[in-house]
Amino acid sequence: CDVMDLLDENRIIVKEGLKRIRKAPCMGLKALIEANGVEPSRLNAFHLGFVIGPCLNATGRLDSAVRALELLRAKDAVSAARIAGELKAMTLPGVKQAAEQIEKEHLSEDKVLVIFLPDCHESLAGIIAGRVKEQYGKPTFVLTRGEEGLKGSGRSIESYHMYDAMVACRELFTKFGGHKMAAGLSLEEKNLEELRRRLNAQCT
């Protein structure tokens, strides 16, 4: 779920784990998979890293990890579906706000989406970026207002190397890191529009 390279024993563990989850997921995972509209038989590493994993992770940062634990320990379909729905619902307002901003500011014309949601909790930025990326089919950065400037996360598409694109404008960041498909970043608010301009100008 931390989107590491699937090599050597890591690849084998994930491959065998996916076989078991597809065949007989626990009640809670089954509910979470269904709540996110994923066909269990087609579950893959992408879904773990960008759909299922972030839902479980967000509850610990926003509220209490106990809710995620309750989901994984659920013994009946009704309670599992209820908790899974709650975890998914945490991101819906942010995804809606992002879509509204894209349409209002005509960002859908951009090759790389840079979305500023000042009141969004930073732990949800990556999940929202992933959902927006899926909806629009474009690399997406979602930024929120933190105590020391803007913080955010990015989620990419296969044909766009997100980390390399960020290295090309590294002077705009106070901190950044990641790899081809995902990234984290911090920057001063005054650099937001320049980041959007630079990422789109250099995108091929």
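Reader: Let's start with helix 7: which strands does it lie across?

Author: In this predicted model, helix 7 lies across strand 1, strand 2 (140–146) and strand 3. Its direction runs at about 45° to strand 3.

Reader: And what does helix 9 touch?

Author: Helix 9 (residues 192–202) packs on the sheet and touches strand 1, strand 2, strand 3, strand 4 and strand 5. Compare its direction with that of strand 1, and you get about 165°.

Reader: How do I read the sheet itself? In what order do the strands come?

Author: Here's the general idea: strands of a sheet pair through backbone hydrogen bonds, either parallel or antiparallel. In this structure five strands form an open sheet, ordered 1-2-3-5-4, with mixed pairing. At the edges sit strand 1 (113–116) and strand 4, each pairing on one side only. Going from one strand to the next, the twist averages 15°.

Reader: What about the pairing with strand 4?

Author: Strand 4 (residues 173–178) also pairs with strand 5 in the antiparallel sense, over five bridges. Look for Lys-175, which stands opposite Ser-186 in strand 5. The link between strand 4 and strand 5 is a hairpin of three residues.

Reader: Is strand 5 largely enclosed or open, and why?

Author: A general point to keep in mind: in a regular strand the side chains alternate between the two faces of the sheet. As for strand 5 (residues 182–187), five of its six residues are buried, so the rest of the structure largely encloses it.

Reader: Back to the helices. How do helix 6 and helix 7 cross?

Author: For two helices, look at how far apart the axes come and at what angle they cross. The axes of helix 6 (residues 92–104) and helix 7 (residues 125–136) come within 9 Å and cross at roughly 50°. The two helices are therefore oblique to each other, and helix 6 passes helix 7 in a right-handed crossing.

Reader: Which residues meet there?

Author: From helix 6, you'll find Gly-94, Val-95, Ala-98, Ala-99, Ile-102 and Glu-103. They meet Ile-128, Arg-131, Val-132, Gln-135 and Tyr-136 in helix 7. Sorted by class, this contact has seven nonpolar, two polar and two charged residues.

Notes. Residues are numbered from 1 along each chain as its sequence is written. This is a predicted model: local features need pLDDT of at least 70, side-chain atom pairs count only at pLDDT 80 or more; totals for chains, interfaces and linings use all residues. Side-chain values use heavy atoms; hydrogens and water are left out. Axes are lines fitted to C-alpha atoms, for helices over the stretch in contact, and angles run from 0 to 180 degrees between N-to-C directions. Helices (H or I, at least four residues) and strands (E, at least two) are DSSP runs, numbered from the N terminus. Angles under 35 degrees count as roughly parallel, over 145 as roughly antiparallel, 65 to 115 as roughly perpendicular and the rest as oblique. A crossing is left-handed if the near helix is turned anticlockwise from the far one by less than a right angle, and right-handed if clockwise. Contact means heavy atoms within 4.5 Å. Ala, Val, Leu, Ile, Met, Phe, Trp, Tyr, Cys and Pro count as nonpolar, Asp, Glu, Lys and Arg as charged, and the others, Gly among them, as polar. Buried means under 20% relative accessible area, exposed over 50%, partly exposed in between (1.4 Å probe, protein chains only). Two strands pair if DSSP finds at least two bridges between them.
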